[in-house]
Amino acid sequence: MLAPRKKLWSTPASAIDVALDFAQPLDHNDVVYDVGCGDGRVLIQMASRSIPFSSDGGSSEETNNNSTTSSQQSSPTHHHYCKQFIGIEISPERAEEARSNIRHAQETNQIPSHVSIEIICANALDTDLIDYSRATVIFLYLVPRGLRLIKPIVWPKEDAPDNSNDDQTA
């Protein structure tokens, strides 16, 4: 078990902002995985901040920094160029809820049309079903035991960060 079953833990929006800060800069070649994606809120929030990448090295939708208010200037917008997101969820009901929420976000243009989000309904520890080699960023908001179980899969020994406290792995 990577996450508690009796009580659903939702990732706070502030944790997603911190994760985006930590993962910057995301580019158009990145693939973000959300392990235990639940209702898809992390994927939706991250995907909604994607801006199209153009071959001249800039965005094809320029952001207008001159029209920001002082409160907006003090908090980063977390825009990025990542266009591919994959959520992994063990619960078929939660996976379908994520798909439904993502469809709604796409239909209401919360998620840009250039972004692809896939939900895989599987045990995140099943490496026959989940190919982590494609991931360039892996979002983990799990209980400590879940982090200990997933760490050797997403960070094989030779690539593992040297963290003496496994419960606090970033």
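So, β1 and β2 run parallel to each other, and five bridges join the pair. A quick word on terms: strands (E, at least two residues) and helices (H or I, at least four) are DSSP runs numbered from the N terminus, and two strands count as paired if DSSP finds at least two bridges between them. Residue numbers start from 1 along each chain as its sequence is written, and side-chain values use heavy atoms, with hydrogens and water left out. Please keep in mind that this is a predicted model: local features need pLDDT of at least 70, side-chain atom pairs count only at pLDDT 80 or more, and totals for chains, interfaces and linings use all residues.

Back to the pairing. Y33 has I86 as its bridge partner in β2. β1, residues 31-35, also pairs with β4, again in the parallel sense, over four bridges. There, D34 sits opposite F139 of β4.

Now the whole sheet. It is open, with four strands in the order β3-β2-β1-β4 and parallel pairing. β3 (116-121) and β4 (137-140) are the edge strands, and each has a single partner, so one side of each lacks a neighbour in the sheet. From one strand to the next, the twist averages 20°.

Is β1 covered or open? Mostly covered: five of its five residues are buried, where buried means under 20% relative accessible area, exposed over 50% and partly exposed in between, with a 1.4 Å probe and protein chains only. V31, Y33 and V35 point one way from the strand, while V32 and D34 point the other way.

Next, the helix on the sheet. α4, residues 92-107, lies across β2 (84-89) and β3, at about 170° to β3. Axes here are lines fitted to C-alpha atoms, for helices over the stretch in contact, and angles run from 0 to 180 degrees between N-to-C directions.

On to the inside. A nonpolar core is a set of buried Ala, Val, Leu, Ile, Met, Phe, Trp, Tyr and Cys residues joined through side-chain atoms within 4.5 Å. The largest has 24 residues, and M46, F85, I111, I117 and I119 have the most contacts inside it. α1 (13-23), α2 (41-47), α4, β3 and β4 each give at least two residues to this core. The largest share, five residues, is from α2.

A second, separate core has 16 residues, including V31, A135, L142 and I150.

How values were computed. Contact means heavy atoms within 4.5 Å.
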